[in-house]
Amino acid sequence: MATKYQPTLQELPELMTVHEAAEYLRCTRPKLYSLMADGTLPSHKVQGSRLISRQQLQDYVASTEVKKSVHTKLQEVVEEIAKEGGAD
C-alpha cells in the first residue's frame with residue numbers, strides 16, 4: 001500500500017485552512033476547531049473562514065513535543081524511583 005506524501009512544515013502555505021492544518025496534524029477538523037476554541041491553537045477569521053498560520057502550527061507542534069518529552073522523562077524518573085524503592 002502506497003503511503004500518502006506528507007509535506008514538511010516548511011513546504012506548507014503561510015496560511016492554511018482548517019482542512020489543510022488538520023490533514024498535516026493527522027487529526028479531525030472537529031478536534032482542530034476544539035483546539036482553536038480553547039485558545040490552544042490561535043487562528044484568524046478571514047471572510048468567514050478560519051486560517052492558521054504556519055508559525056502558529058509550528059509553535060503548537062513544538063509545544064506538544066515538549067509536553068511529550070517532559071512526560072517521558074517524568075515517567076523514567078518515576079520508574080527509577082520505583083526500582084530503588086523496591087531494592088530495600
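How many helices and strands does the chain have? I looked this up first. The chain has three helices and three strands, where helices are DSSP runs of H or I with at least four residues and strands are runs of E with at least two, numbered from the N terminus. I read their order along the sequence as β-α-α-β-β-α.

Notes on the source. I am working from a predicted model, in which local features need pLDDT of at least 70 and side-chain atom pairs count only at pLDDT 80 or more, while totals for chains, interfaces and linings use all residues. Residues are numbered from 1 along each chain as its sequence is written, and side-chain values use heavy atoms, without hydrogens and water.

Next I looked up burial and surface. Of the 88 residues in the chain, 22% are buried (under 20% relative accessible area; exposed is over 50%, partly exposed in between; 1.4 Å probe, protein chains only). The chain exposes about 6800 Å² (Shrake-Rupley method, 1.4 Å probe), and carbon and sulfur atoms supply 56% of that area.

Then contacts (heavy atoms within 4.5 Å). Among those between residues at least 6 apart in sequence, 43% join residues at least 24 apart.

Last, salt bridges (a side-chain nitrogen of Lys or Arg within 4 Å of a carboxyl oxygen of Asp or Glu). I found one in the structure. Glutamate 14 pairs with arginine 54, with 2.8 Å between the closest N and O atoms. Glutamate 14 lies in the segment before strand S1 (15–17) and arginine 54 in helix H3 (residues 54–86), so the pair ties together parts 40 residues apart in sequence. Glutamate 14 is partly exposed at 45% relative accessibility; arginine 54 is partly exposed at 22%.
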